[in-house]
Amino acid sequence: MQHQTPDALRGWFKAVEPMCTELFNAAYVMCGNYDMAEYALNSAILDVWQQGVAAGMGFRERLRAALRAEAFAAALSDEGIAAEFTWPGIGRADAEDPVLDQLGREKTAIQRLVMLRHGCGLSTRSIAQLTELSQGQARSELRRFEARCRRRLSGAERSRAESLIARQAKRLLARRGPGTPHPAQLYRAFEAEAAGAQGAGQRVSRVVGLLLTAVMALICAGAFWLFAVLVRQV
């Protein structure tokens, strides 16, 4: 991790900014708690920056992978397990789209299952870790929801029900809600964390440098002593 100026940090964050809504919404549905989701998102952004990943090919996937790891860590921590469940669900959706309309009619627990599977792309094994359901229960609930959607789709669309559900779930993740943190707020948190990380890195570098200097001094002293002993014996 190299020292970066405020302008460089701001420039790097510009590549993150278009994804902030999607990443937060994914973290929120995974953690189930607003504060834990915000913490997971801030941690994921800092992780990718510390890895030195520049904007470009694979950048978005690295962010999503880091977000997933941080969200799981937060959700399964003692604090995450004890945290209040605050995810509000998707609310009433567009009645003109049968998939969204059906999803809007479901209970919050089913909505979360659908968003975890089709929005976040999690396996039923991962979903079971985040919910109180077993893999079999999660799989059954998802199948029943997909069946309800198929009944509302036209004949030509029924074979594509799963892909239609996934498309709408991803659109919902990208939808900014009233409680979604503003990118400027996320940048301020990132800037503060990055400055602290850089300061800590510089302190560690100084300590390592001092330790290396001390080790070299001991080696030189030992070599001098050994040389003096050999000279006496001669």
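Contact here means heavy atoms within 4.5 Å. Helices are DSSP runs (H or I, at least four residues), numbered from the N terminus. This is a predicted model, in which local features need pLDDT of at least 70, side-chain atom pairs count only at pLDDT 80 or more, and totals for chains, interfaces and linings use all residues. Residues are numbered from 1 along each chain as its sequence is written, and side-chain values use heavy atoms, with hydrogens and water left out.

Q: Which residues make the contact between helix 2 and helix 3?
A: From helix 2, Cys20, Leu23, Phe24, Ala27, Tyr28 and Cys31 take part, and they meet Tyr34, Met36, Ala37, Glu38, Ala40 and Leu41 of helix 3. By class, this contact has 11 nonpolar, no polar and one charged residues. Ala, Val, Leu, Ile, Met, Phe, Trp, Tyr, Cys and Pro count as nonpolar, Asp, Glu, Lys and Arg as charged, and the others, Gly among them, as polar.

Q: Why is helix 2 called oblique to helix 3?
A: The axes of helix 2 (residues 20–31) and helix 3 (residues 34–50) cross at roughly 130 degrees and come within 8 Å. That angle makes helix 2 oblique to helix 3. Angles under 35 degrees count as roughly parallel, over 145 as roughly antiparallel, 65 to 115 as roughly perpendicular and the rest as oblique. Axes are lines fitted to C-alpha atoms, for helices over the stretch in contact, with angles from 0 to 180 degrees between N-to-C directions.

Q: What makes helix 1 and helix 3 oblique to each other?
A: Helix 1 (residues 6–16) packs with helix 3 at an angle of about 120 degrees, their axes 12 Å apart. Helix 1 and helix 3 are therefore oblique. Leu9, Trp12, Phe13 and Val16 of helix 1 make the contact with Ile45, Val48 and Trp49 of helix 3.

Q: Why does Ala74 count as buried?
A: Buried means under 20% relative accessible area, exposed over 50%, partly exposed in between (1.4 Å probe, protein chains only). Ala74 has 4% relative accessibility, so Ala74 counts as buried. Ala74 is found in helix 4 (residues 59–75). Beyond its neighbours within four places in sequence, Ala74 is in contact with Cys31, Met36, Tyr39, Ala40 and Gly80.

Q: How do you know that Phe190 counts as buried?
A: Phe190 has 3% relative accessibility and therefore counts as buried. Phe190 lies in helix 12 (residues 183–233). Not counting residues up to four places away in sequence, Phe190 touches Leu9, Trp12, Phe13, Ile45, Leu46 and Trp49.

Key: Helix = DSSP H or I, 4+ residues; strand = E, 2+ residues; numbered from the N terminus.
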